[in-house]
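Take a moment with the sequence and the 3D view. We will walk through them step by step.

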Amino acid sequence: MKKVTAFAPATVANVSCGFDILGFAIDELGDQVTVMRSDSPGLKVTAISGDGGKLPYEAERNTCSVAIQAMLDQLGIAQGMEIILEKGLPLGSGMGSSAASAAAALVAANALLNEPFTKKELVPFAMEAERVACGAAHADNVAPSILGGFVLIRDYQPLDLVKLPVPAGLHCTLLHPHLELNTSDSRSVLRKQISLKDSTIQSGNIAGLISGLFLSDFQLISRSLRDVVAEPSRALLIPGFYELRENIKAIGALGSGISGSGPTIFVLSPDKEIAIMAGKVSEDVFGKIGLGLDVYISEINNNGAYLKEEKI
Ligand SMILES: Nc1ncnc2c1ncn2[C@@H]1O[C@H](COP(=O)(O)OP(=O)(O)O)[C@@H](O)[C@H]1O
Ligand SMILES: N[C@@H](CCOP(=O)(O)O)C(=O)O
């Protein structure tokens, strides 16, 4: 096999109460990466589209090549490869953009090398790419982008990933106001210490959210979508955030929160109709503020990154 293309989806990290330890994958939106064997040594990013000319071509800085290099280092081989990135995700949006590039690159390169790794084993390589993109090797975007569904990172050392069930009917609305927030900047505004009281509240909510997913209990999910760790500092960077939350609750959505480090806001709904209504309500809120908005409606994507094309 000489050339492989893979797609990896956008993701919602944190899901309110799961800072750095929970994320889920979205349908359709994502990045596509083609990887080709090359006779010349090293990894070369040869084309990038859809990024407005903003992303780096240097192999040490692009998350596609950083992730593949980590994989090759583990295998102890020096296979040369050319990489083409088709960026489908907006940058600095909170939808796991750097993660989707790395996830697609890894799934393609793994296929090119006849699958030496399982999908789960690819996650640590993608985490190295996150370290380069935002300074922290967090897995709550890369794990769901590769594996699909809701993924819990029970521990980082050693990495312990748990795929969680997805209740039937659960829908997500992603509201992307036209602002750019860098993950590293949004991490720098976070408090370094939290109180015992906040730690108790956050633990109760993450346990409640995970129980709600297992029990398909929408009301329990709704009560648990609360974040006292990251949201209080980050919501200040997103105009309309709290007004939107009130309007969303009024239409019967389960709740809303910051997607990853923002500015995108995610809304979880028990069905598609409410998910669509959530988009309409948000257009009003952001229209009043004078901010452009993109709305995406999706079920939870339970499959994650996949191969699109292989050429012998
Ligand atoms: N393929 C890529 N290679 C290198 N940097 C990337 C790539 N894709 C996105 N980035 C950059 O990584 C940084 C962090 O992005 P990311 O963590 O994905 O933010 P978000 O998920 O909020 O869009 C951003 O500055 C973004 O431009
Ligand atoms: N847990 C991370 C998630 C960052 O997600 P992104 O999509 O904004 O990169 C954090 O909260 O910093």
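Predicted model: local features only at pLDDT ≥ 70, side-chain atom pairs only at ≥ 80, totals over all residues.

Residues are numbered from 1 along each chain as its sequence is written, while chains are lettered from A and ligands numbered from 1 in the order in which they are written.

Start with ligand 1. Its shell holds 23 residues (a residue is near a molecule or strand if its C-beta atom, placed from the backbone, lies within 6 Å of it). Leu-91, Ser-97, Ser-98, Ser-101 and Thr-183 come nearest. Helices α1 (63-75), α2 (97-112) and α3 (119-134) each supply at least two shell residues. Helix α2 gives the most, with 4. (Helices, H or I, at least four residues, and strands, E, at least two, are DSSP runs numbered from the N terminus.)

Now turn to ligand 2. It is surrounded by 15 residues. The closest are Ala-13, Gly-94, Thr-183, Gly-260 and Ser-261. The shell around ligand 2 draws at least three residues from each of domain 1 (3-164 + 301-311) and domain 2 (171-299). Those bounds come from an automatic or database domain assignment.

Strands pair if DSSP finds at least two bridges between them. Between β7 (171-177) and β9 (265-269) there are 5 bridges. In this pair, His-171 stands opposite Ser-269.
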